[in-house]
Amino acid sequence: MPNLRQLYLQYVGQTSDFSLAFEVAKASGVYLYDTNRKKYFDLNSGISVSSLGHGNPQIKKAIHDQLDRHLHTMVYGEHVQQTQVKFAELLTSQLPEHYESLYYLLTGSEAIEAAMKLAKKRTNRRQIIAAKHAYHGSTQGAESLRSDEAYKQAFYPLLPAIDWISFNEEKDLALITEETAAVIIEPTQAESGVNCAKEGYLKAVQLRCEETGTLFILDEIQTGFGRTGHLFAFQKYGLKPDVICIGKAMGGGLPLAGLIASKDCLSSLMKEPALGHITTFGGHPLSCAAAHASLQFMLDAKVIESVIDKSDAFAELLRHEIVKEVRRDGLLMAVELTKRKYLKHVVSKAHELGAIIDYFLFNDRSFRLAPPLVISEDEIKKACHILQQAFDYSFRKYN
Ligand SMILES: Cc1ncc(COP(=O)(O)O)c(C=O)c1O
């Protein structure tokens with residue numbers, strides 16, 4: 001009789017031949033449990049999704065209540081659904097006045113697709129500029145923004161008229177011109193290993209966009225919903241992006257994404273042609289119920305206020321001779337090791353000892369730490385103790 005792992009490998013489509021194939025039995029708080037009842041610290045939050053940990057009672061109740069009312073009734077935009085309205089109202093109430101409206105979508109990649117279409121439509125221009133080493137998603141439009149030619153070649157032809165600037169290089173901003181429909185950029189580049197914006201850089205991008213009539217689109221899919229110690233990273237830089245792409249933690253563990261902008265800006269998707277971007281499951285009622293409960297909990301429990309202190313605690317407790325630096329934007333952190341060869345040993349030893357950490361897409365010297373924002377001081381100490389043991393082991397064995 002094949003076991004679950006074998007059945008998984010046989011029947012479930014695989015994304016690579018190096019899947020972790022971790023067998024999840026349950027998840028609670030900051031822990032994941034495998035089928036042998038072994039407990040692991042979840043130090044990735046499913047790639048910045050489970051910001052309130054697992055099994056938050058308020059989120060579960062909101063999902064159950066909505067389950068009893070209704071599930072899907074119609075494609076996004078046709079029916080008035082209470083949970084969509086209430087979440088959009090709550091979210092926009094937390095933002096500067098200019099952000100009046102939330103356009104619901106399903107995934108982060110879809111938010112990027114819709115934002116690119118919106119920019120072309122609104123400016124009647126074609127060129128889109130992204131930053132090198134950014135990751136904006138896996139659909140063809142989002143993938144076109146990736147700068148790594150070698151990776152992309154297998155999927156050609158992708159979108160034309162995409163150009164790149166180097167992140168944090170102000171001299172490259174001259175490439176943004178009156179021909180540019182949009183600049184799409186992350187406030188902190190997540191997948192290149194937490195590459196934070198230099199003082200004044202994002203303001204300079206915004207200014208150049210204003211000068212050239214280019215849409216300034218901020219990808220807050222990974223940085224949003226408190227991860228950086230602010231509800232959104234744009235707030236700490238005092239920015240006013242035209243469009244903000246959101247996803248990941250938005251749905252409190254259920255799939256949900258969207259665009260935040262002014263009503264006028266988003267109206268470009270509804271006219272000439274109407275139905276400029278339609279999506280069956282955008283703003284699913286269950287996801288919106290979970291999103292509302294999640295954001296309300298975050299606000300009531302003042303979760304975001306503790307993020308910077310927790311990030312400082314991690315940085316303090318992760319000092320070790322094989323740790324070169326901890327780059328961080330709140331609880332989005334990259335731990336860079338002194339030698340590349342340590343990385344896979346640290347990741348696998350930490351796993352064995354009960355802490356789940358992960359790789360980045362574009363950084364082979366650093367591992368990702370993006371724990372639930374609700375992790376306690378004591379849990380941080382225990383998790384870092386495991387990581388210290390993994391550092392010691394890798395240093396002793398592979399130095
Ligand atoms: C910054 C950023 N943008 C976009 C995406 C794509 O989101 P999704 O995987 O939900 O399509 C990701 C996913 O990791 C991301 O980190």
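**View 1. Leu-275, an exposed residue in a loop.** Leu-275 counts as exposed, because its C-beta neighbours inside 10 Å number 10 and the cut-off for exposed is 12 or fewer. The residue is found in the loop between H10 and H11. Its phi is positive, about 60 degrees, although Leu-275 is not a glycine. Most residues other than glycine have a negative phi. The model shown here and in the views below is predicted.

View 2. The peptide bond from Glu-272 to Pro-273 is cis. Its omega is near 0 degrees. Pro-273 sits in the loop between helix H10 (263–266) and H11. Leu-275 belongs to the loop between H10 and H11 too.

**View 3. A cis peptide bond at Tyr-156 and Pro-157.** Tyr-156 and Pro-157 are joined by a cis peptide bond, with omega about 0 degrees. Pro-157 has its place in the loop between H7 and strand E6 (162–165). Most peptide bonds are trans. Helix H7 (residues 149–152) has the lowest mean pLDDT among the elements of the chain, 92. Strand E11 (residues 243–246) has the highest, 99. The chain averages a pLDDT of 97, and 100% of the residues score at least 70.

**View 4. His-133, a partly exposed residue with positive phi.** Phi of His-133 is near 65 degrees, a positive value in a residue other than glycine. The loop that holds His-133 runs between strand E5 (127–131) and helix H6 (140–144). His-133 has 19 other C-beta atoms within 10 Å, so it is partly exposed. A buried residue needs 20 or more.

**View 5. The shell around the ligand.** The ligand is surrounded by 15 residues. The closest are Gly-108, Ser-109, Gly-137, Ile-221 and Gln-222. Helix H5 (residues 108–123) gives the largest share of the shell, three residues. By class, the shell has five nonpolar, seven polar and three charged residues.

**View 6. The largest nonpolar core.** This core has 110 residues. Ala-115 and Ile-217 have the most contacts inside it. Helix H11 (residues 285–300) supplies the largest share, eight residues. Domain 1 (4–55 + 303–398) and domain 2 (57–300) both give residues to the core, so it lies between them. In soluble globular proteins, nonpolar side chains tend to be buried together.

**View 7. The surroundings of Ile-217.** Neighbours within four places in sequence are left aside here. Ile-217 is then in contact with Ala-115, Ala-119, Ala-182, Val-183 and Ile-184 among others. Its contacts also include Pro-241, Asp-242, Val-243 and Cys-245.

**View 8. Where domain 1 touches domain 2.** The domain assignment gives domain 1 (4–55 + 303–398) and domain 2 (57–300). Their centres, taken over C-alpha atoms, are separated by 26 Å. Domain 1 brings 25 residues to the contact and domain 2 brings 28 residues. On the side of domain 1, helix H12 (307–317), strand E13 (323–329) and strand E14 (332–337) each supply at least two residues. E14 gives the largest share of that side, four residues. By class, the side of domain 1 that touches domain 2 has 14 nonpolar, seven polar and four charged residues.

**View 9. Leu-67, an exposed residue in helix H3.** Leu-67 lies in helix H3 (residues 57–69). It counts as exposed because it has 12 C-beta neighbours inside 10 Å. Leu-67 and Arg-365 are 298 residues apart along the chain. Their C-alpha atoms are separated by 44 Å.

Terms used. Residues numbered from 1 in each chain as written. Predicted model: local features only at pLDDT ≥ 70, side-chain atom pairs only at ≥ 80, totals over all residues. Domains from an automatic or database assignment. Contact = placed C-beta atoms within 7 Å. Nonpolar A, V, L, I, M, F, W, Y, C, P; charged D, E, K, R; others polar. Core = buried A, V, L, I, M, F, W, Y, C linked by C-beta atoms within 7 Å. Near = placed C-beta within 6 Å. pLDDT = per-residue confidence, 0-100.
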